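My entries are below the view.

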Amino acid sequence: MNQETHALPELEEIEVLLEELIDKEAHDLVVFNDDVNTFEHVTKVLIKVCNHSQEQAEQCTLIIHYKGKCAVKKGSETKLKPMCQAILDAGIQAAIV
């Protein structure tokens, strides 16, 4: 056997590890528009839960209002789950996609 054949399992392992790393950050926390919550409430929740700046939270809130939804955070499902639950607990529709 040549060295190329020996290197293939290592390359496959590296590819799998890279795919796992990419997948960990491949989820979005999406907040949806509704007719109940005020701009102020959504902005405050995004600042508190997602650690957004005032400006970032306001921009996301405008996108939510005009586009119907906005991906407010990207990360692993483990990282986003408690954030999503906190947003839901605040009465705002959200999901991890």
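**Entry 1: confidence**

I noted that this is a predicted model, so I read the pLDDT before anything else. The average for the protein is 88, and 77% of the residues reach a score of at least 70. I then looked up residues 1–5, where pLDDT stays under 50. For that stretch I found 1 contact beyond four places in sequence.

**Entry 2: the sheet**

In what order do the strands of the open sheet stand? I read the order as S2-S1-S3, an open sheet of 3 strands with antiparallel pairing. From one strand to the next the twist averages 20 degrees.

**Entry 3: bridges of S1**

I went through the pairing of S1 on both sides. Strand S1 covers residues 27–32 and strand S2 covers residues 69–75. The two run antiparallel and are joined by 6 bridges. I looked up two positions in this pairing: His27 is opposite Gly75 of S2, and Asp28 is opposite Lys74 of S2.

Towards strand S3, residues 94–96, S1 makes 3 bridges, again in the antiparallel sense. Which residue of S3 is the bridge partner of Val30? I found Ala95 there.

**Entry 4: H2 against H3**

For packed helices I take down the angle between the axes and the distance between them. H2 and H3 pack at about 130 degrees, and their axes are 9 Å apart. The two helices are therefore oblique to each other. Their crossing is right-handed.

I listed the residues that meet here. H2 brings Phe39, Val42, Thr43, Leu46 and Ile47. H3 brings Gln54, Ala57, Glu58, Cys60, Thr61, Leu62, Ile64 and His65. By class, the contact of H2 with H3 has 8 nonpolar, 4 polar and 1 charged residues.

**Entry 5: H2 against H4**

At what angle do H2 and H4 pack? I read about 150 degrees for helix H2 (residues 39–50) and helix H4 (residues 77–89), with the axes 10 Å apart. That angle makes H2 roughly antiparallel to H4, because angles over 145 degrees count as such. The crossing of H2 and H4 is right-handed.

From H2, the contact is made by Val45, Leu46, Val49 and Cys50. From H4, Met83, Ala86 and Ile87 take part. I sorted the contact of H2 with H4 by class and got 7 nonpolar, no polar and no charged residues.

How values were computed
Residues numbered from 1 in each chain as written. Predicted model: local features only at pLDDT ≥ 70, side-chain atom pairs only at ≥ 80, totals over all residues. Heavy atoms only, no water. Pairing = 2+ DSSP bridges. Helix = DSSP H or I, 4+ residues; strand = E, 2+ residues; numbered from the N terminus. Axes fitted to C-alpha atoms, helices over the stretch in contact; angles between N-to-C directions. Parallel < 35°, antiparallel > 145°, perpendicular 65-115°, else oblique. Left-handed = near helix turned anticlockwise from the far one by under 90°. Contact = heavy atoms within 4.5 Å. Nonpolar A, V, L, I, M, F, W, Y, C, P; charged D, E, K, R; others polar. pLDDT = per-residue confidence, 0-100.
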